[in-house]
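Biologist: Let us take this model by question and answer. Please put it on the screen before we start.

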Amino acid sequence: MAAAARCILVRASPPAPASPETAKTPAASVSVRAAVVPTPGRRFLAAPLQCSPSSSEATSAPELAVLLEVEGVLADVYRFSNREAFNVAFQSLGLDCANWTEPIYADLVRKAGGDEERMLVLFFDRIGWPTSLPTSEKGSFIKSVFREKLFSAFCMLKALEEFAGSDRLPLRPGVEKFIDDALSEGVPVAILASYGRNGENISRSIIEKLGPERTSKIKIVGKEEVEGSLYGQLVLGKGVASSLDEQLLREAQKAASAEKQRIAEEVASILKLSVDIKASESSEKIIAALRAGSEYVGCDVQNCILIAGNQSGVLAAERIGMPCVVVRSSFTARAEFHSAKAVMDGFGDPDLTISKLLRKKWFK
């Protein structure tokens with residue numbers, strides 16, 4: 001390899017002291033197993049029904065449902081947003097020799113497993129750190145890049161919203177046919193818009209590209225839908241008004257924060273719920289969307305398959321026992337997903353099709 005070029009720091013933001021990390025309390029994760037009878041004080045939104053083998057209507061319940069992420073699955077939005085935010089940050093800091101092209105970005109993602117701090121370290125180890133930077137201040141320098149990147153991403157958000165709604169960001173090839181085939185086979189489809197790197201507005205702009213006729217046949221699960229689900233109301237405390245509700249909510253939160261499995265099991269027994277107190281706060285938002293999605297399509301989580309585009313969705317699905325298939329994007333081109341049932345490069349033969357999902361019976 002040729003000698004690495006040294007990166008000259010033209011202008012850099014003064015490093016700020018890192019603020020202490022706030023301790024995060026694990027949130028309770030609940031799988032609804034029985035309907036809750038509303039009391040006069042409750043403000044429950046219309047809630048979906050779940051499949052139940054003992055139900056008299058079990059014969060009409062779908063055997064399989066599909067939940068789709070948006071970013072990286074419906075459209076490869078990473079190609080525009082995250083990489084460009086870093087490039088703008090490099091320019092703002094005067095790092096004129098630093099630029100992440102798509103091949104460089106994909107290689108860094110693969111080698112760092114998507115860890116952005118590790119990506120920066122690998123990159124500057126490769127091209128050379130700023131010559132005026134003492135070795136002891138590399139950590140502060142990385143933090144300054146992150147601050148600029150976050151500011152750049154904030155400034156780019158409006159442009160990204162316009163980009164997401166334009167023809168310049170197409171849907172992934174084959175995804176429309178995949179959804180149509182699922183619906184024609186009687187497989188319910190939900191699209192998860194409540195979480196993603198770039199927010200729900202951008203996710204909904206991408207979903208609109210599917211067209212009104214198609215979206216009228218699927219369930220779009222945003223923040224409001226998550227809060228309106230039984231899981232959202234009982235676990236996240238949305239829409240709860242009566243004193244009884246408040247007592248039940250406090251007990252669930254106490255079980256999670258105190259990390260006492262015995263108390264959690266007692267609360268779960270009283271409410272006929274299954275409580276998982278090990279989920280981290282960072283994954284709880286995704287888990288809430290997955291559980292809400294399973295409610296709205298009318299199936300238990302183990303009868304749903306998540307089509308994911310990143311590791312966060314894969315890990316959240318694994319925690320609640322939901323099978324997951326990954327569709328690679330530019331962000332995850334060479335990443336590994338050990339807990340996924342399968343990893344595909346796209347939709348349609350020879351990759352992901354509804355017929356393959358039905359034949360594999362991963363949901364059994």
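Modeller: Two strands pair if DSSP finds at least two bridges between them. Helices (H or I, at least four residues) and strands (E, at least two) are DSSP runs, numbered from the N terminus. The model is predicted: local features need pLDDT of at least 70, side-chain atom pairs count only at pLDDT 80 or more, and totals for chains, interfaces and linings use all residues. Residues are numbered from 1 along each chain as its sequence is written, and side-chain values use heavy atoms, without hydrogens and water.

Biologist: Which residue of β3 is the bridge partner of V66?

Modeller: Take strand β2, residues 65–68. β2 and β3 pair in the parallel sense over 3 bridges. In β3, the partner of V66 is V189.

Biologist: Which residue of β4 stands opposite A190?

Modeller: β4 covers residues 219–221. β4 runs parallel to β3, and 3 bridges join them. Opposite A190 stands K219.

Biologist: Which residues of β3 point the other way from V189 and I191?

Modeller: Strand β3 spans residues 189–192, and all of them are buried (under 20% relative accessible area; exposed is over 50%, partly exposed in between; 1.4 Å probe, protein chains only). V189 and I191 point one way. The other way point A190 and L192.

Biologist: Which strands stand at the edges of the open sheet?

Modeller: The sheet has 6 strands with parallel pairing, in the order β4-β3-β2-β6-β7-β8. Each edge strand has a single partner, so one side of each is left without a neighbour in the sheet. Those strands are β4 and β8 (342–344).

Biologist: By how many degrees are neighbouring strands of this sheet turned against each other on average?

Modeller: Direction is ignored here.

Biologist: How far apart are the end C-alpha atoms of α3?

Modeller: Helix α3 (residues 116–127) has 12 residues. The expected span is 1.5 Å times one less than the number of residues. So α3 should span 16 Å, and the model agrees, with an end-to-end distance of 17 Å.

Biologist: How is α2 set against α3: parallel, perpendicular or oblique?

Modeller: The axes of α2 (residues 102–112) and α3 come within 9 Å and cross at roughly 120 degrees. Axes are lines fitted to C-alpha atoms, for helices over the stretch in contact, and angles run from 0 to 180 degrees between N-to-C directions. Angles under 35 degrees count as roughly parallel, over 145 as roughly antiparallel, 65 to 115 as roughly perpendicular and the rest as oblique. That makes the setting of α2 to α3 oblique.

Biologist: Which residues of α3 make the contact with α2?

Modeller: Contact means heavy atoms within 4.5 Å. From α2 come I104, Y105, D107, L108, V109, K111 and A112. From α3 come R118, M119, L122, F123 and R126.

Biologist: Is F123 buried or exposed, and at what relative accessibility?

Modeller: F123 belongs to helix α3. Beyond four places in sequence, F123 touches A98, N99, W100, I104 and L108. F123 is buried, with a relative accessibility of 2%.

Biologist: What separates the C-alpha atoms of P188 and L64?

Modeller: P188 is in the loop between α5 (175–184) and β3. Leaving out residues up to four places away in sequence, P188 touches P62, L64, A65, V66 and V297. P188 and L64 are 124 residues apart along the chain, yet their C-alpha separation is 7.5 Å.

Biologist: Which residues does S283 touch, beyond four places in sequence?

Modeller: S283 lies in α12 (residues 281–297). S283 is buried, at 12% relative accessible area. The residues touched are A316 and R319.

Biologist: What share of the residues in the protein chain is buried?

Modeller: The chain holds 14 helices and 8 strands. Of its 364 residues, the buried share is 49%.
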